Amino acid sequence: MSKPPLKPRRSLIFAPGNKPELFAKAMKSGADILTIDLEDAIAPQHKASARKKTIEWFAGNQIVDGSIERIIRINCIRSLDGLEDLSAIIRAGIEIPAIMLTKTKSPDEIQIYDELLKGPLENTRLHVIIETNEGLENCHLIAQCCNRIDSILFGGVDMSAELRVQTEWTPLLYARSRLVHAAATANIDLIDVPYLDLENMSGLKEEVEKCAELGITGKAAIHPKQISIINKTFTPTLAEIDKAREIIEKFEQSDTGLVLIDNKLIEKPVLRSLYRTLAIADRLPKQDLE
């Protein structure tokens, strides 16, 4: 299975699977990804109901304009709830665009999903949360083990408990950096943990800017009011887009691996990130680039 074209994955918003009345609102939030949650947002006694409501909603919403990715976050496959989630999705016989895998520890788990999804769900994509010490240790192998994987997500809250640290930037910098390396090597997206203080917009902005500087490509949100800050930070500016086009054009006209732009020597390896910038910019709404 070949990888599909790049998509903007600047922002992701969650909606609890037992409240389908919130799904439409979340789809209009401006986020690039809607994740319907069957895991953390759902109490044990509501798991079955959330699973049923979510699958029914996907069955009735097969035709969409493609402006927002839709994902189901299921429970860990090492749990009964996770097995029931996956079984229900497979038995439903409907197209599910993508599944988010929780508490992933090894490539072997991904291979199980890959095998079980063959057939009617051949085109279902995977998004993998890394939130355990084992998962962090194996993140490079996990990121490259399956062509279905479109992104890694950093589960910072669970990861902080695993590492015995606070959920602050500095204590989790090592974990984030490992995931940046793994995602970049596999050429997939890396989406950061939500910022949990809904009233601290300046704190959100600061953390999103740090994420972008580190090489993270998007951030999850827990409320629609966080989306605009996240999107703006991860959207290339018009100046950056023009500069990327200029550099690419000069390299394509050159017969060497070096070009001189604004008295700066630029080497060919930078083209990889520039092509990515243009691919994402081409798929963003025009108003986002103004």
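Helix α8 covers residues 173–186 and helix α9 residues 201–214, and the two pack at an angle of about 45° with their axes 10 Å apart; helices here are DSSP runs of H or I with at least four residues, and strands are runs of E with at least two.

This is a predicted model, in which local features need pLDDT of at least 70 and side-chain atom pairs count only at pLDDT 80 or more, while totals for chains, interfaces and linings use all residues. Residues are numbered from 1 along each chain as its sequence is written, and side-chain values use heavy atoms, with hydrogens and water left out.

Next, show the side chains between the helices: L173, R176, S177 and V180 in α8 meet E207, C211 and L214 in α9, where contact means heavy atoms within 4.5 Å.

Now move to strand β2, residues 33–37, where five of the five residues are buried, that is, under 20% relative accessible area with a 1.4 Å probe, counting protein chains only. On one side of β2 you will find I33, T35 and D37, and on the other L34 and I36.

Strand β1 (residues 11–16) pairs with β2 in the parallel sense over five bridges, pairing being assigned if DSSP finds at least two bridges, and L12 stands opposite I33 in β2. Strand β3 (residues 69–73) also pairs with β2 in the parallel sense over five bridges, and here D37 stands opposite R73 in β3.

Notes
Axes are lines fitted to C-alpha atoms, for helices over the stretch in contact, and angles run from 0 to 180 degrees between N-to-C directions. Buried means under 20% relative accessible area, exposed over 50%, partly exposed in between (1.4 Å probe, protein chains only).
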